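Open the structure in your viewer and keep the selection panel at hand. The stops below are given in order.

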Amino acid sequence: MNKVENNKAWWLVLPVVLLVAFSAVVPLMTVVNYSVQDIFDVNTAYFVGAEWYREILQDPRLQDSLMRQFIFSFFVLLIEIPLGIAVALMMPTKGRGASLCLILLAIPLLIPLNVVGTIWQVFGRTDIGLFGWALTSIGVDYNYASNPIDAWFTVLLMDVWHWTSLVALLCYSGLRAIPDAYYQAASIDRASGWAIFRYIQLPKLQSVLVIGVLLRFMDSFMIYTEPFVLTGGGPGNSTTFLSQTLTQMAIGQFDVGPAAAFSLIYFLIVLLVSWLFFTTISHLDKAK
Amino acid sequence: MSLSLQNVSRIVDGEYFIDDANIILEPGSFNVLLGRTLAGKTSLMRLMAGLDKPTEGRVLMNGVDVTGVPVQKRNISMVYQQFINYPNWTVFENIASPLRLEKVSELEIKRRVNETAEMLHIEQFLQRRPLELSGGQQQRTAMARALVKDASLILFDEPLVNLDYKLREELRQEIRELLKARNSIAVYATTEPNEALALGGITTLLHEGKVIQSGPSADVYRYPVNVDAAGLFSEPPINLIRGFVSESEVTFDDSVHFPLNHDLRGFKPGDYVCGVRPSHIGLVPQADDDLEIAVRVEVAEISGSETFMHVKNDHFNLVLQLSGVHEYHTDTPIKVYLPTHKLFMFGLDGKMLQAPGRLHRGI
Amino acid sequence: MAEIHLKTLAHSYSAQPNSPADYAIREMDHVWDQGGAYALLGPSGCGKSTLLNIISGLLSPSEGDVLFDGQRVNDLTPAERNIAQVFQFPVIYDSMTVFDNLAFPLRNMKMQESKVQKKVLEIAEILELQDLLQNKAKNLTADEKQKVSMGRGLVRDDVSAILFDEPLTVIDPHLKWKLRRKLKQIHEQFNITMVYVTHDQLEAATFADKIALMYGGQIVQFGTPRELFEKPNHTFVGYFIGSPGMNFIEVSRSDGGVEFDGLTAPLDADLLDFLAQIPSNNLKIGIRPEFVHVSVESITGSYECDVTHIEDLGTYKILTLELAGNVLKARLDEDQQVPNNKAYVSFPKQWLKLYVDEYLVEGDSK
């Protein structure tokens with residue numbers, strides 16, 4: 001916008017600019033630098049160009065991890081978005097019940113990530129965990145430490161437990177923004193409950209859902225702590241997602257070059273999705 | 001303090017929100033900005049205030065170029081459509097807020113707040129919160145806050161549109177009286193022609209971002225400069241008919257005709273657009289040379305003191321504004337009478353060539 | 001089509017109402033004839049929207065009954081009462097086309113698609129929406145959207161009444177005309193009972209056959225626009241109807257009439273007799289600005305006053321005058337002579353109204 005100029009504003013922004021430069025831009029540039037070099041030790045480093053990128057993109061370990069990550073995020077969205085909407089629809093709109101529900105929904109979101117992992121680690125154990133014990137007592141053969149399917153199931157369940165509230169809260173606020181007149185008009189038009197959902201609520205939730213989908217996609221795509229604490233990435237590689245693979249490569253194997261390249265690839269994927277999101281939102285806004 | 005805009009334009013995303021506006025506002029004047037919604041009234045006021053910077057052109061205050069000066073430095077007040085007050089402060093605090101920013105003494109603040117509150121009849125609410133008050137009282141609080149500052153430019157952006165009809169009438173009068181004694185420039189935006197006439201002062205017509213006419217309200221009403229101006233400043237809308245002028249007579253839309261009279265002598269033969277005010281068409285002939293037209297009644301809207309009749313035939317759709325109550329059913333055939341001495345003549349390009357009372361002197 | 005009867009109806013939002021002030025609607029008994037066009041007119045907070053919601057079924061009255069054609073409908077929803085309602089802002093289904101919006105109520109009733117087609121096209125033509133039928137509803141302008149909202153009420157054959165809650169609020173002034181005209185045409189064509197809530201007296205008068213003027217939860221007067229204009233039975237009606245409202249002067253009794261500040265206004269004999277029987281001292285005379293007779297020279301029975309302000313409103317002028325400490329307004333036609341400093345006003349007897357305790361007193365009516 002053609003706002004009136006005010007040069008003083010630049011001075012106020014300077015400290016933040018310096019801080020961001022120091023803590024983000026410079027390290028980023030360093031990573032880019034590392035990603036094109038082969039580093040043996042502090043003094044011995046060779047320029048290798050795009051070698052690491054080529055190697056990584058062809059590394060079956062990375063490709064497997066990437067595939068696992070996409071599948072994970074896909075299931076997360078598939079379950080959490082409809083579930084969040086359903087929960088929001090069922091919540092009371094005002095009074096004490098509403099406040100109580102909001103508090104209950106907020107609780108999972110307040111728990112630190114590694115504590116979440118630990119809770120579910122215990123919860124899923126067949127000896128001392130309530131969930132594990134309940135399953136085995138009704139005859140289900142369940143062991144998340146040794147069975148990959150069970151491990152996946154548990155990790156997904158943990159994520160749903162942890163983050164569905166976010167989608168539910170977003171949808172709840174979106175629903176509250178719908179004026180009563182719409183419901184009144186629908187009842188006058190003799191619309192069924194399903195028609196009300198499909199023609200009034202869902203369209204009005206559109207912008208809120210885009211935010212919800214993006215947040216859940218980004219967060220689930222970068223997930224690290226919870227699955228790491230719960231399964232350690234196991235059994236074997238079955239629950240080793242992208243961020244864990246990266247850490248293993250960079251820290252575990254102390255191979256900074258490929259790790260740097262990997263992080264940049266990771267960064268670019270997330271950047272691509274954000275850009276898609278941004279254009280979708282602007283497109284939606286313009287169409288209005 | 002005088003304000004002038006020179007060749008001011010505001011372009012957003014390639015679209016001209018304001019197109020080459022030239023306006024001069026005199027000190028102590030009351031200016032009405034009249035136009036449809038989205039005509040650019042709010043954009044123009046924001047440019048006057050300094051909330052937005054013009055893409056082209058200059059803004060001058062007292063002859064000094066203030067185009068880049070931010071609004072905080074310009075001593076401006078603004079009243080909005082939605083009653084905007086600080087919800088957590090009392091009415092007293094709300095009105096005092098601009099004075100507090102200027103670091104006026106506590107004693108002086110008290111005096112001026114009480115004085116302004118009395119002017120706006122809200123002195124008994126000074127200790128209440130705005131949301132506890134009715135719509136009219138909240139808007140009065142917003143106005144008090146705008147007036148206590150003694151700004152050189154006070155802007156009103158359709159301030160009464162969310163209020164009751166009767167309340168609007170009362171507040172309109174109060175606003176006029178409150179501003180009479182001051183030297184500030186007042187600018188009031190509205191979409192209703194009747195409000196512009198009731199407020200008086202200078203009216204500026206805005207149409208699609210362009211200033212099409214500016215002058216004393218009654219003058220702009222009587223002598224619109226083109227068809228758009230005539231359409232904007234008339235409610236009900238002015239009747240427009242295609243007319244053909246020949247050597248001896250005028251023909252309306254290939255149907256009725258009347259002999260060329262003295263007023264229209266100055267016109268070369270050709271096609272024109274003729275305008276008649278709804279209040280000038282009658283059900284009985286007022287003068288001997290009134291033009292009689294046979295029509296059917298479409299609908300008669302009665303408003304107590306007046307009746308608005310919509311009539312039509314195969315050639316015309318006309319609106320009449322009659323005083324008193326006239327009840328008619330749809331499709332009743334009647335005759336209406338057009339005064340041939342009270343016609344507006346517009347060229348095909350829309351420009352006004354002649355208005356009743358201002359004769360055209362031949363091209 | 002239904003006759004709506006409000007029987008000993010009252011409504012309070014509090015559980016234990018103690019005084020009249022606790023009631024949003026004070027006890028009333030009122031009949032709306034079938035097929036009429038009615039307006040509920042009044043200032044903000046008078047209870048008109050509450051009353052509308054009670055009629056439609058969106059609100060259940062705390063006391064009394066709502067009867068449709070004699071049947072008690074208090075517990076029925078708007079859908080069950082076959083009410084259609086148009087709200088202040090257009091309510092449309094964003095994701096559907098205009099056609100689907102109009103067809104929605106019919107499809108919900110499982111009507112045959114061929115019949116739906118026919119009905120939708122018929123209504124679309126009346127509302128002049130036939131060219132927009134395939135457009136997405138959310139891309140329409142505000143007035144087109146309101147027409148769609150209205151259309152949904154009109155497509156149904158079984159609708160008992162259509163209720164409008166300040167429907168022209170979001171419409172541009174120069175388009176309000178068209179919609180008002182459209183509403184009137186629809187009413188003449190379909191003959192459905194229509195109730196229209198507004199705070200704008202012009203809208204009410206141009207739309208309705210009869211206006212119910214509300215104030216403080218009560219219907220203060222119910223009559224044609226002409227009746228409310230020429231014979232307001234309460235000073236509030238005189239004040240609210242007409243732009244500007246009625247002029248009121250406080251008076252006291254005197255021989256042959258009433259007096260104010262040494263000036264007398266004569267009254268008819270039967271009015272004087274009536275006045276003699278009432279002890280009250282709250283007396284006012286009222287006359288509308290349209291009926292105040294203004295002349296530049298003194299004539300018999302006229303009062304001299306000062307002209308304080310002249311407003312030029314194009315087709316007429318409003319004169320503000322000062323008469324013995326009272327502010328009066330008078331309306332002059334465009335061509336009438338405008339007095340300069342002094343003017344002489346007189347009050348024609350047939351338009352001069354007497355109000356005792358704020359209520360109209362008439363000689364031959366009780």
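How do the residues of the lining of the second largest pocket divide into nonpolar, polar and charged? They divide into eleven nonpolar, 13 polar and ten charged (Ala, Val, Leu, Ile, Met, Phe, Trp, Tyr, Cys and Pro count as nonpolar, Asp, Glu, Lys and Arg as charged, the others, Gly among them, as polar).

This is a predicted model, where local features need pLDDT of at least 70 and side-chain atom pairs pLDDT 80 or more, while totals for chains, interfaces and linings use all residues. Residues are numbered from 1 along each chain, chains are lettered from A, and side-chain values use heavy atoms, without hydrogens and water.

Stay with this pocket, which has a volume of about 840 Å³. Select Ser279(B), Gln321(B), Leu322(B), Ser323(B) and Asp333(C): of the 34 lining residues, these are the closest to its centre.

Next, select chain B and chain C. The contact (heavy atoms within 4.5 Å) takes 38 residues from chain B and 39 residues from chain C. About 3,300 Å² is buried between the two chains, and carbon and sulfur atoms give 50% of that area (accessible area, 1.4 Å probe, lost on putting the two parts together and summed over both).

Now show the side chains of Arg222(B) and Asp312(C). They meet in a salt bridge at 3.2 Å, N to O (a side-chain nitrogen of Lys or Arg within 4 Å of a carboxyl oxygen of Asp or Glu). The rule finds one salt bridge across this interface.

Key
On a 1 Å grid over the protein atoms alone, a cavity is a set of points where a 1.4 Å probe fits but cannot get out, and a pocket is an open set with protein on both sides within 12 Å along at least five of seven lines; lining residues have an atom within 4 Å of a point. Grid points are joined across faces, edges and corners, and a volume is the space filled by probe spheres set on the points.
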